[in-house]
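Please look at the model below with the contact between its chains in mind. The report that follows takes up the interface, the sheet, the aromatic pairs and some points of backbone geometry.

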Amino acid sequence: MIEELVRTGLARFEYRHILNHGQPSVFAALATECGGDQGKWWNFHDHYMTTQDFSREGAIAMAAAFELDTEQFAQCLDDETHLDLVNGQHRAASEVGVRRTPTIHINGEGGAIVADRLIEQVMALAAELEAEG
Amino acid sequence: MTRIGLIAAALALLVAGCSSGGDDAPPSQPQSAASVQSEQHEQQEQSATSYAAGQSESTQDHAQDQAQDQAHAQPSAEREQTAAQAQAEPEAEQEAELKSGQQAEPAADQTEAEQAGHEEPEQGAMVAQIIESGHRAGLIANRNSIGDPDAAIVITEYSDFL
């Protein structure tokens, strides 16, 4: 659904890390960012959303499956290279009032989680922006 | 001849008879000894015969005993065989169980392999799907962002993977 909106060129979609479940949340966020270093950020995003496997071995196995440099990936994990980034996203979300997950914002404003309503909101906002010129 | 002449002649014969009879006596003893020896020999032979017979009897007895023993031995052998079979049966059962267990293990392994075989394509398909979705059908993806960087509308999802 979001992909369809993005495909139209009307919208861009961004994902921000929320770390509400402790170490597994932090690890998955770090692994995703380490995957992003080698161009596979969304692969790891979808992997964690699908498998819920938050083990180091599973992450490295997936890195190998995605044909990443596993040594570099493992080093990134062990060094917690992106810890400041994921912590910063979590803090920023808290500052704008995000408490629950998932939370959708459209141009910084609260949006619907239900697909049909989200599409309606995006289309309404697109029409408003077009009218403004 | 008169009575006196007859008595004197009889006495002379008696004297002559006593001297000749003394010479014959020793041979009678050997005869008796021989007869004794012969009797002893016969007794020995008899005893030997009887011993031999005894031996033969004992051999027969032994053979009978052996036969009896064999007759006893056969049941005992049968018993031993039965016992061995009885011991062997659990062993055979154990071996069969082990074999079946060994067969079961490969079956379990096979089942695991089949499951893994089922899981592998599923996992492979999932990975392929993730890879495909990662490309987002040609959408511009920059780390945590997809879409036109200059798009007027930004949809932001704040989420956890759990």
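## A salt bridge between the chains

A salt bridge is taken here to be a side-chain nitrogen of Lys or Arg within 4 Å of a carboxyl oxygen of Asp or Glu. In this model, which is predicted rather than determined by experiment, Arg143(B) forms such a bridge with Asp37(A), and the closest N and O atoms of the two are 2.9 Å apart. The count between chain B and chain A is 2 salt bridges, and across the interface of these chains there are also 24 residue pairs in polar contact, with both partners at pLDDT 80 or more.

## The interface as a whole

Chain A brings 58 residues to the contact, and chain B brings 31 residues. Between them the chains bury about 4,100 Å², with 58% of that area lying on carbon and sulfur atoms. Of the area that chain B buries against chain A, 24% is supplied by Arg143(B), Tyr158(B) and Phe161(B), which is more than any other three residues supply.

The side of chain B that touches chain A draws at least two residues from each of α1 (3-135), β2 (145-147) and β3 (153-159) of chain B.

Strand β3(B) runs antiparallel to strand β2 (residues 103-106) of chain A, to which 4 bridges join it, and here His105(A) stands opposite Thr156(B). With strand β1 (residues 11-17) of chain A, by contrast, β3(B) pairs in the parallel sense over 7 bridges, and in β3(B) it is Ile153(B) that stands opposite Ala11(A).

## Aromatic pairs

Over all chains, a search of the whole structure finds 9 aromatic pairs. One of them is the edge-to-face pair of Phe44(A) and Phe66(A), with 5.3 Å from centre to centre and 80° between the planes. This pair links distant parts of the chain, 22 residues apart, since Phe44(A) belongs to helix α3 (residues 41-51) of chain A, while Phe66(A) is in the loop between α4 (56-65) and α5 (70-79) of chain A.

## Backbone geometry in chain A

Most residues other than glycine have a negative phi, and most peptide bonds are trans. The peptide bond from Thr101(A) to Pro102(A), however, is cis, with omega near -10°, and Pro102(A) is found in the loop between α6 (83-95) and β2 of chain A.

Glu80(A), although not a glycine, has a positive phi of about 50°, and Glu80(A) lies in the loop between α5 and α6 of chain A.

Terms used:
Residues are numbered from 1 along each chain as its sequence is written. Chains are lettered from A and ligands numbered from 1 in the order in which they are written. This is a predicted model: local features need pLDDT of at least 70, side-chain atom pairs count only at pLDDT 80 or more; totals for chains, interfaces and linings use all residues. Side-chain values use heavy atoms; hydrogens and water are left out. Contact means heavy atoms within 4.5 Å. Buried area is the accessible area (1.4 Å probe) that two parts lose on being put together, summed over both. A polar contact is a pair of N or O atoms within 3.5 Å; within protein, one must be able to donate a hydrogen and the other to accept it, and residues adjacent in sequence count only if both atoms are side-chain atoms. Two strands pair if DSSP finds at least two bridges between them. Rings of Phe, Tyr and Trp (its six-membered ring) pair if their centres lie within 6.5 Å; planes under 30 degrees apart count as stacked, over 60 as edge-to-face and the rest as tilted.
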